[in-house]
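Hi,

Here is the structure I promised to pass on.

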2 protein chains.
Amino acid sequence: MAGLLKRVSVIGSGNWGSAIAKIVGMNVLENPDMFDPEVYMYVYEEVVNGRKLTDIINTEHENVKYLPDIQIPANVVAVPDVIKASSNADILIFVLPHQFVFDTCVKMKSAIKKAALGVSLIKGFILSEGEGIQLVSRVISQTLDINTAVLMGANLATEVASEMFCETTIAVEKPEYDSILKRLFETSYFRCKIIRNVSAVEACGALKNVVGIGAGIVDGLGFGDNTKAAVIRLGLMEMMKFTKVFLEYLDLRPPEDNSIFFESCGIADLVATCHGGRNRLLGEAVVKSMKKRGMPGVDIRLLEKEILRGQSFQGPLIAKEIYSYLKDKNMVDQFPLLVAVHRICSREVDPRNFIDCLREHPEHL
Amino acid sequence: MAGLLKRVSVIGSGNWGSAIAKIVGMNVLENPDMFDPEVYMYVYEEVVNGRKLTDIINTEHENVKYLPDIQIPANVVAVPDVIKASSNADILIFVLPHQFVFDTCVKMKSAIKKAALGVSLIKGFILSEGEGIQLVSRVISQTLDINTAVLMGANLATEVASEMFCETTIAVEKPEYDSILKRLFETSYFRCKIIRNVSAVEACGALKNVVGIGAGIVDGLGFGDNTKAAVIRLGLMEMMKFTKVFLEYLDLRPPEDNSIFFESCGIADLVATCHGGRNRLLGEAVVKSMKKRGMPGVDIRLLEKEILRGQSFQGPLIAKEIYSYLKDKNMVDQFPLLVAVHRICSREVDPRNFIDCLREHPEHL
């Protein structure tokens, strides 16, 4: 019988990776008819307080560096070798920083099961030199030659780890995976809705980071709830439009209608990001820096050091690629918000002019 | 020529009425080819600091009681007599508390121009004994026998008065009014989008007050951005569904698709209300009162006295009528959020159980 049980591996162990490992670790135990009880979690090895992080996780059952104070179930086993972590898995949950996805997949390629299902939790595009923006799920699918689902929603990791009620959207092309994914991810506090159209859901997860910067800019400028709501709405309208043109360009299926934007991956993730996300923080910091130092303000790399201790902000990179795509297609005028965020992040435009860029928005015509 | 110029009257002078009078007062001056430069504003007469409020407004050009520190243009003339205020108007802007609409219309009826256009800025339903919920625009249309448009959006009055950038949605059935409404209401900081379907836009404006209470409840319970985003999203889904069944029930045209919920009257107003609205404040206060006094907590009338100095919260009344409507139709199970808000406001359910009411939401199935 054991051979029929699905083995699950989590590839990545940051705060979101650790939070999802907690959920998945519990759910495999609660569904012994479906899942193997052992879950490997690939952990990039590092030394924390003189000990290996994998050892700490496997003895204390806590990721003290990225998700302190949260108990990870003991059946989640930290593994520093990505080939060992992934080789027997039927379900591979990807939750790495986007820039490591391709290299990691190349390493795993020869070892993984042919019939494995990938599930990407990575909210961002992959930017490759000269090739522009690419969807993470597509890079996984193409590199490993496996089906890849995505899971995206209003899921700030520390809140999920604290079991605060939220929702998420799982997109998978083949309905045969619906029940297994629901049983793997859903809990009483983490409610899952399954839909199709993987690419559109994933595009939402990346694009909202750019709008989040815009929300931070209006916060920094001292505007109130009306203005922020307008930025969120205009941002959503641009996300919808951009998703359509971009997926067509990638030869992928755009959504038939706009209903996915009403899912957690759409409006909910956007609202949460615009209030509690790190890109919002960046937008606010850009304005504060400009107020303190004058234009052109501080380089974003410096803010990454100050705010994220070296991690990177996704939003500005995505905004830059979107801008270069729009410029190529002669569509800059149709996306004033996404473009303004890029120009502010690249210090071409004073953040105080952000609103002026929106006054004649095509949505108002 | 003067006879061709449209006269505009504002019926109401609270904070939103005064804020819109500022906009309209400026716009009639900027469009002298279209509008008569004098705008009457009907002000319910009261004595403030020993002087009549109309006198204060007409000499200081400030509504010191409801919108202090904001200059109202001198061409806006406060008039204490609603018949005088409305009798020559071509455009009647209604911005009264909803409970005064019907009686005010009855008073105005014989005096107004037959071809006048009403524009309702009132966000709420009218609740009439035994007849349930009625749309304000419909009460105006039917009582006065005039066309009525609505203007709804993420428009917290004090922020609009301070000229902070925002958007609004104007719904009017006849396109012949589009250009006049745009010129009357739009400014560089108040951006107007004109659409059709008056009733659906108005339903949004009322329903979001109920969801706003839910957002306040999760704030009071100490949840974070994920949970609030889930409440906003589930609330929006219930608003969409309720609008459909309710307008059918009223023999009114439901929206052909869900696009109006992407307008400022939909998602943006909801987001602003759930962060900065008075019903959000109420939801938070209900939880705090329960924590302090235990269940069944404090009567909402007491909170109205404490928080609003006697004004009333729209949300609980609307929630109650929605509940009784849903019970009649045997549809309570399909609207767990709207129903839970009612039950909490009526002190039947402990606000700590709010989230439990949402875990098995039909949206998650």
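Let me start with the charged pairs: counting over all chains, there are 56 salt bridges. Keep in mind that this is a predicted model, and that every value here was computed from it. The background is simple enough: side chains of opposite charge can pair when their charged atoms come close.

Eight salt bridges lie across the interface of chain A and chain B. Here are two pairs you can look up. Arg233(A) is bridged to Glu263(B), with 3.5 Å between the closest N and O atoms. That pair crosses between chains: Arg233(A) sits in helix H9 (residues 225-249) of chain A, while Glu263(B) is in the loop between helix H9 (225-249) and helix H10 (264-276) of chain B. There is also a salt bridge between the side chains of Glu263(A) and Arg233(B), at 3.5 Å from N to O.

Now the interface as a whole. On the chain A side 46 residues make contact, and they touch 47 residues of chain B. Together the two chains bury about 3,900 Å², with 59% of that on carbon and sulfur atoms.

In chain A, helix H11 (residues 278-293) and helix H12 (residues 300-308) have axes that come within 11 Å and cross at roughly 115 degrees. The crossing of H11(A) past H12(A) is right-handed. From H11(A), the residues involved are Arg278(A), Leu281(A), Leu282(A), Ala285(A), Val286(A) and Arg293(A); they meet Ile300(A), Leu303(A), Glu306(A), Ile307(A) and Leu308(A) of H12(A). By type, the residues of this contact between H11(A) and H12(A) are eight nonpolar and three charged, with no polar ones.

In chain B, helix H13 (residues 314-328) packs on helix H14 (residues 336-345) at an angle of about 120 degrees, the axes being 9 Å apart. That angle makes H13(B) oblique to H14(B). H13(B) goes past H14(B) in a left-handed crossing. On the H13(B) side, the contact includes Pro316(B), Ile322(B), Tyr323(B) and Leu326(B); among the H14(B) partners are Leu338(B), Val341(B), His342(B) and Cys345(B). The residues of the contact of H13(B) with H14(B) comprise nine nonpolar, one polar and two charged.

Cheers

Notes: Residues numbered from 1 in each chain as written. Chains lettered and ligands numbered in written order. Predicted model: local features only at pLDDT ≥ 70, side-chain atom pairs only at ≥ 80, totals over all residues. Heavy atoms only, no water. Axes fitted to C-alpha atoms, helices over the stretch in contact; angles between N-to-C directions. Helix = DSSP H or I, 4+ residues; strand = E, 2+ residues; numbered from the N terminus. Parallel < 35°, antiparallel > 145°, perpendicular 65-115°, else oblique. Left-handed = near helix turned anticlockwise from the far one by under 90°. Contact = heavy atoms within 4.5 Å. Nonpolar A, V, L, I, M, F, W, Y, C, P; charged D, E, K, R; others polar. Buried area = accessible area lost by both parts, 1.4 Å probe. Salt bridge = Lys/Arg side-chain N within 4 Å of Asp/Glu carboxyl O.
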